[in-house]
Amino acid sequence: MLSLALGIAAAGVAIGLGLIGYSGLQGMSRQPEAIGKLQTAMLIALAFVELVFLLTVFIAPASFGGK
Amino acid sequence: MADLNLYQSLVASAEGGGHHGPNFLGLMVYILLVVGVMFGLMASAKKGLNSRFFTRPITQKFEQLYLFIENLCIGIIGSHGARYIPMIMTFWLVIFISNLVALFFPTSPTADLSFNLGLALISIAYVQYEGMRANGFVGHWRHFAGPKLGPALIIINIMLFGIELVSEMMKNLSLSLRLYGNIDGGHRAADAMTQLSSDYYIPLGAFLLPIKLLTCVVQALIFSLLTCVYISLVTHHDEGHADDQHGSDELAAAH
């Protein structure tokens, strides 16, 4: 059960990361002079999406009792 | 569904049965190693400072690093961001070198939750201190209570104050957990891949090292970047309003 929960969380986070990379690359190619700003905002968004999975890793064992 | 006890889960994963990192003394040895490498590098870079242009390669690298951190601070915090460069650069160097240690040694300080929590506490305490210095003690704490709504809606201000306080506390948790999870997760993934192929004597985990190197740089960058964003959120100044406002609004939306 725990591995299923972690798998679902990983899938969602992977979709989120893919969307960030997709839109970031698109924005950068459309407007190369804004690459610096876009990269900063992209990295911040990336960090917050990643945190969701890390929180899942820490909270899921507690709520499933380690099974 | 057992009780959802975050604290116990955190403590268990940091110190409990599955603990695989160094003990307190071992962590100190690793921190000593990191500090030694850092001071050695910087002392070596300082030797090349006297010439008109920098001929030593390591001095040039440090100059590039300084310019990078300066861009980060000025770009995010605004025109008054230059005074935060030493703190941000220290964070970047400590975290980056600690992460690099993990590529050569069994573990690293940043793969330990306690070290990361210490770093995050320093970072957030510094942000509060700077906020109080920029806006005054009362101004900084009133900033948490949201806009003035009048005496009838004071209950909303009180609730906002509580929520903002919890959010400040959670910044510690998120900063430390992000770093710990990324670095320690990288170790565990490398260990698992090496164990998978141990029957054939192929160290598959070694192929993860380039990705781990990328993680090292990105995590050090993200920690410094988020510290910058937190500083920029609490040190609003009226000067440079026109061009500064847009950037910090965008970052606040991402935050």
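How far is the sulfur of B:Cys73 from the closest cysteine sulfur? The closest one is in B:Cys228, at 4.1 Å, which is too far for a bond. A disulfide is a pair of cysteine sulfur atoms within 2.5 Å. By this rule the count over all chains is zero. Buried stands for under 20% relative accessible area, exposed for over 50%, and partly exposed for values in between (1.4 Å probe, protein chains only).

The model is predicted: local features need pLDDT of at least 70, side-chain atom pairs count only at pLDDT 80 or more, and totals for chains, interfaces and linings use all residues. Residues are numbered from 1 along each chain as its sequence is written, chains are lettered from A and ligands numbered from 1 in the order in which they are written, and side-chain values use heavy atoms, with hydrogens and water left out.

Chain B has nine helices and zero strands. Its pattern along the sequence is α-α-α-α-α-α-α-α-α. Helices (H or I, at least four residues) and strands (E, at least two) are DSSP runs, numbered from the N terminus. Of the 255 residues of chain B, 41% count as buried. Contact means heavy atoms within 4.5 Å. Among the contacts in chain B with a separation of 6 or more, 68% join residues 24 or more positions apart.

One helix pair is described here in detail. Two packed helices are described by the angle between their axes and the distance between the axes. Helix α4 (residues 85-104) of chain B packs on helix α5 (residues 113-135) of chain B at an angle of about 170°. Their axes are 12 Å apart. Axes are lines fitted to C-alpha atoms, for helices over the stretch in contact, and angles run from 0 to 180 degrees between N-to-C directions. Therefore α4(B) and α5(B) are roughly antiparallel to each other. Angles under 35 degrees count as roughly parallel, over 145 as roughly antiparallel, 65 to 115 as roughly perpendicular and the rest as oblique. From α4(B), the contact takes in B:Met87, B:Phe91, B:Val94, B:Ile95 and B:Ser98. From α5(B) come B:Phe115, B:Leu119, B:Ile122, B:Ser123 and B:Tyr126. Eight residues of this contact are nonpolar, two are polar and none is charged. Here Ala, Val, Leu, Ile, Met, Phe, Trp, Tyr, Cys and Pro count as nonpolar, Asp, Glu, Lys and Arg as charged, and the others, Gly among them, as polar.

B:Phe115, in helix α5 of chain B, is buried at 15% relative accessibility. Leaving out residues up to four places away in sequence, B:Phe115 touches B:Ile31, B:Val94, B:Ser98, B:Pro109 and B:Thr110. B:Phe115 and B:Val35 are 80 residues apart along the chain, and 14 Å separates their C-alpha atoms.

The largest nonpolar core has 51 residues. Such a core is a set of buried Ala, Val, Leu, Ile, Met, Phe, Trp, Tyr and Cys residues joined through side-chain atoms within 4.5 Å. B:Ile69, B:Ile88, B:Trp92 and B:Leu93 have the most contacts inside this core. Two or more residues each come from α2 (35-64) of chain A and from α2 (24-46), α3 (57-77), α4, α5, α7 (154-196) and α8 (209-234) of chain B. The largest share, twelve residues, comes from α8(B). Apart from this core lies another, of five residues, among them A:Phe58, B:Leu173, B:Leu177 and B:Tyr180.

B:Trp92 is in contact with B:Leu65, B:Phe68, B:Ile69, B:Ala220, B:Leu221 and B:Ser224. B:Leu93 is in contact with B:Met38, B:Met42, B:Phe62 and B:Leu65. B:Leu93 lies in helix α4 of chain B and is buried, at 7% relative accessibility.

Two loop residues complete the description. B:Tyr201 lies in the loop between α7 and α8 of chain B. Its phi is near 60°, a positive value in a residue other than glycine. B:Tyr201 is exposed, with a relative accessible area of 76%. B:Leu149 sits in the loop between α6 (137-143) and α7 of chain B. B:Leu149 is partly exposed, at 37% relative accessibility. B:Leu149 and B:Leu213 are 64 residues apart in sequence and 50 Å apart in space, C-alpha to C-alpha.
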